[in-house]
Every structure is written in structure tokens, then in C-alpha cells.
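Here is a friendly note to read with the model open beside you. Please take the points one at a time and find each residue as you go.

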Amino acid sequence: SPLFAVIERVFKPDKTEKEPVFDPSKEKKLLVYYEVSPSIRSIVRRGETQISSTSSHLVAIPGKLYDCPGGVLVCSCGTAQYFPKQGKSSLIPLPMRSGQDLSIILTSATFATQGTWFAFLQNQYGDILVATSNEDEQTQIENPILIKYLDTVPLAKSMVILRQGVLAVFGENCENRFYFITSYEGSDDLEFAPKLNAEDEH
């Protein structure tokens with residue numbers, strides 16, 4: 001049955017207070033799994049796990065349909081945590097601009113074909129980070145996913161990767177742009193200087 005994940009915030013008000021106040025710094029966030037059950041035509045809660053209080057964006061990692069690991073990537077301030085369908089989670093640092101704030105992922109796009117996948121993650125500055133599989137049968141891997149800096153484009157409300165190898169970036173005020181993806185091999189540096197074209201500066 002189809003399984004999906006959401007970020008939920010737990011709020012348990014103090015019954016002794018006349019007007020309970022929600023405090024985001026004190027209330028924990030959860031990654032909650034739900035399963036769609038066609039037989040009973042309902043959604044069933046299947047599990048939960050506590051995540052960082054700064055978590056704000058989820059990325060679905062393709063699964064067995066594409067011969068890929070399958071799971072969910074939880075993007076937080078400066079880090080991403082990968083939760084596979086089976087096994088332990090792993091924490092991955094997000095590359096950031098030199099001298100700037102930690103990366104916060106605002107939007108993403110995923111592409112998968114048989115046996116391979118990659119995802120583009122855009123932070124608050126427009127920088128595109130690329131997440132790929134870090135599989136190596138010869139060694140034991142601490143992080144099964146690599147995240148590297150790739151390029152910088154204008155900030156998007158949403159992005160889509162087309163099968164023709166084109167990244168469609170849908171921006172504010174109908175400022176839509178299309179980019180040919182010539183490579184998704186990113187930089188290994190955790191801190192980077194952005195690649196800015198004059199027409200893309202924002």
C-alpha cells in the first residue's frame with residue numbers, strides 16, 4: 001500500500017493555563033508515516049520519530065520501483081537526515097555559502113530512472129544542491145547519500161526535472177526559466193562561492 005510522510009508539531013497545552021501559548025522552541029517535531037489503505041478507504045498512522053525542531057522540508061527518495069533505496073530526506077537548518085525504509089537514519093551536512101547563514105532548503109525536485117536517481121535542493125539563496133546515492137559495495141558507508149553544491153539559479157516557488165534533461169524553475173511573478181542539465185557532479189567543498197550569472201543575480 002502507498003506510504004507517505006509528513007512533519008507534525010506536537011502541542012500539548014497546559015490545562016492549568018486559561019490561555020495556553022504555543023512555543024515552537026519547546027514543542028517537538030515528528031516525522032510521521034501514514035499508509036493509504038484501499039481496502040478500508042482510509043489513512044492509517046504507521047509510526048513516528050522525533051526530528052530536529054528546524055526541520056521544514058521533505059524529499060521523497062525513490063524506492064524499489066527504480067531499483068533505488070527508498071526513504072525520506074528530512075531537510076533542517078544546515079543538515080539533512082535520511083530515513084531509509086529499513087535500517088538506521090543518517091545525518092548529512094548541507095553545503096553552505098562562505099560567510100553566510102546555514103542552508104535552509106525551500107524547494108526540491110527529484111528525478112529517477114532504472115537503477116539511478118538524483119534530487120535538486122534549492123536553499124534560501126537560490127543555490128542548487130544535488131543529492132545522489134553514495135553506494136559502494138566494497139566499503140561500509142556511514143552516509144548512503146551525498147549532498148554537494150552544483151550551481152545557483154533564481155529563487156523558485158517550485159522546480160521540476162523533465163525527462164528531456166531540463167530543469168524547469170518556476171519563480172515569482174511568472175519568471176520561469178529552463179536549464180539544460182549537462183552534469184550533476186557537484187563540488188566536494190562544504191563551503192562554496194556561488195556561481196552567479198549576471199542575468200540570474202537576484
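The points below go from the whole chain to its sheets, its charged pairs and a patch on its surface.

1. **Ground rules.** This is a predicted model, in which local features need pLDDT of at least 70 and side-chain atom pairs count only at pLDDT 80 or more, while totals for chains, interfaces and linings use all residues. Residues are numbered from 1 along each chain as its sequence is written, and side-chain values use heavy atoms, with hydrogens and water left out.

2. **The whole chain.** Start by counting elements: the chain has 16 strands and 0 helices. Both kinds are DSSP runs numbered from the N terminus, with at least four residues (H or I) for a helix and at least two (E) for a strand. Of the 202 residues in the chain, 36% are buried. Here "buried" means under 20% relative accessible area, "exposed" means over 50%, and "partly exposed" is in between, with a 1.4 Å probe and protein chains only.

3. **Surface and contacts.** The chain exposes about 12,500 Å², and carbon and sulfur atoms supply 50% of that area. Such areas come from the Shrake-Rupley method with a 1.4 Å probe; for residues, only the protein chains shown count as cover. Now look at contacts (heavy atoms within 4.5 Å). Among those between residues at least 6 apart in sequence, 47% join residues at least 24 apart.

4. Next, find the open sheet of 4 strands with the order 9-10-11-12 and antiparallel pairing. Its edge strands are strand 9 (105–113) and strand 12 (145–152), each of which pairs on one side only. Neighbouring strands in this sheet are turned by 25° against each other on average, direction ignored. Axes here are lines fitted to C-alpha atoms (for helices, over the stretch in contact), and angles run from 0 to 180 degrees between N-to-C directions. Two strands count as paired if DSSP finds at least two bridges between them.

5. How many bridges join strand 10 to strand 11? There are 5 between strand 10 (residues 116–123) and strand 11 (residues 127–133), which run antiparallel. Strand 12 is mostly covered, with 6 of its 8 residues buried.

6. Strand 13 and strand 14 (residues 166–170) pair over 5 bridges in the antiparallel sense; look for S158, whose bridge partner in strand 14 is F170.

7. **Salt bridges.** Side chains of opposite charge can pair when their charged atoms come close. The rule used here asks for a side-chain nitrogen of Lys or Arg within 4 Å of a carboxyl oxygen of Asp or Glu, and by this rule the count is 5 salt bridges. One of them joins R45 and E8, with the closest N and O atoms 3.5 Å apart. R45 lies in strand 3 and E8 in strand 1 (residues 3–9), so the pair ties together parts that are 37 residues apart in sequence. R45 is partly exposed at 41% relative accessibility, and E8 is partly exposed at 23%.

8. **Two further pairs.** E35 forms a salt bridge with R46, their closest N and O atoms being 2.5 Å apart. E35 sits in strand 2 (residues 29–37) and R46 in strand 3, 11 residues apart. Buried or exposed, which is E35? E35 is buried because its relative accessible area is 18%, whereas R46 is exposed at 51%. R97 pairs with D127 by a salt bridge, with 2.9 Å between the closest N and O atoms. R97 is in strand 8 (residues 96–97) and D127 in strand 11, so this pair ties together parts 30 residues apart in sequence. Both R97 and D127 are buried. Salt bridges that share partners also join E8, R45 and E48 into one network.

9. **A nonpolar patch.** Finally, find F4, V36 and I43, which make a nonpolar surface patch of about 230 Å². Patches are made of residues with over 30% relative accessible area and no salt bridge, joining like charges within 9 Å and nonpolar side chains (Val, Leu, Ile, Met, Phe, Trp, Tyr) within 5 Å. I43 belongs to strand 3 (residues 42–51) and is exposed, with a relative accessible area of 52%.
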